[in-house]
Amino acid sequence: MRTQGQNDGARDFDFLMGTWRVHNRRLKERLKDCSEWISFESSAEERPLPGGLGNQETYRSEFWPGFVGVALRVYNPATKQWSITWVDNRSHTIDPAVVGSFSGDVGMFETNDTFEGRPIRVRFTWTRLGQDTARWEQAFSPDNGLSWETNWVMDFTRVKE
């Protein structure tokens, strides 16, 4: 979220810093016309990276016992865009970075990837819903952005410290 006098976007994720309870809903199967959603709880800790590089999320859930994931969000002042990468202890790989920026309270970030061996477009949408709530959504497009299937929604509620 940009504040007055801060037009370059480097502070867009400042609203997310802190500790969160996260309610997750994800499709049981992706890109298969599935309408069955699975719900589970998780937690997230959001911290700035040194030197104003960006920030880091540590995500934990017992949906998969012992699951831990890390998102790195790095801001590029030359392009005024964020790159967001993800790695977790199930896949042990770094996902391709989604790249984008915020317009007001909504950030859109996209990349090309593969899913089950076929090319897809991936979109993350971050929405600031207030001081203590936020939403993240993930969508896949099998047709280069002509249609999108939202397959994961996370509702964040700040933990008062």
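Is Phe40 buried or exposed? Select Phe40: at 7% relative accessibility it counts as buried (under 20% relative accessible area; exposed is over 50%, partly exposed in between, with a 1.4 Å probe and protein chains only).

The model is predicted: local features need pLDDT of at least 70 and side-chain atom pairs pLDDT 80 or more, while totals for chains, interfaces and linings use all residues. Residues are numbered from 1 along each chain as its sequence is written, and side-chain values use heavy atoms, without hydrogens and water.

Next, select Trp152, which is buried at a relative accessible area of 12%. Phe40 and Trp152 form an edge-to-face aromatic pair, with 6.2 Å from centre to centre and 65° between the planes (rings of Phe, Tyr and Trp, the last by its six-membered ring, pair if their centres lie within 6.5 Å; planes under 30 degrees apart are stacked, over 60 edge-to-face, the rest tilted). Phe40 is in strand β2 and Trp152 in strand β10, so this pair ties together parts 112 residues apart in sequence (strands are DSSP runs of E, at least two residues, numbered from the N terminus).

Now show Trp20 and Phe156, both buried. The structure holds 21 aromatic pairs. In this one the ring centres of Trp20 and Phe156 are 5.9 Å apart and the planes stand at 75°, so the pair is edge-to-face.

Finally, colour the strands. Strand β2 (residues 37–48) pairs with β3 (residues 54–61) over six bridges; Glu45 has Thr58 in β3 as its bridge partner.

Conventions:
Pairing = 2+ DSSP bridges. Helix = DSSP H or I, 4+ residues; strand = E, 2+ residues; numbered from the N terminus.
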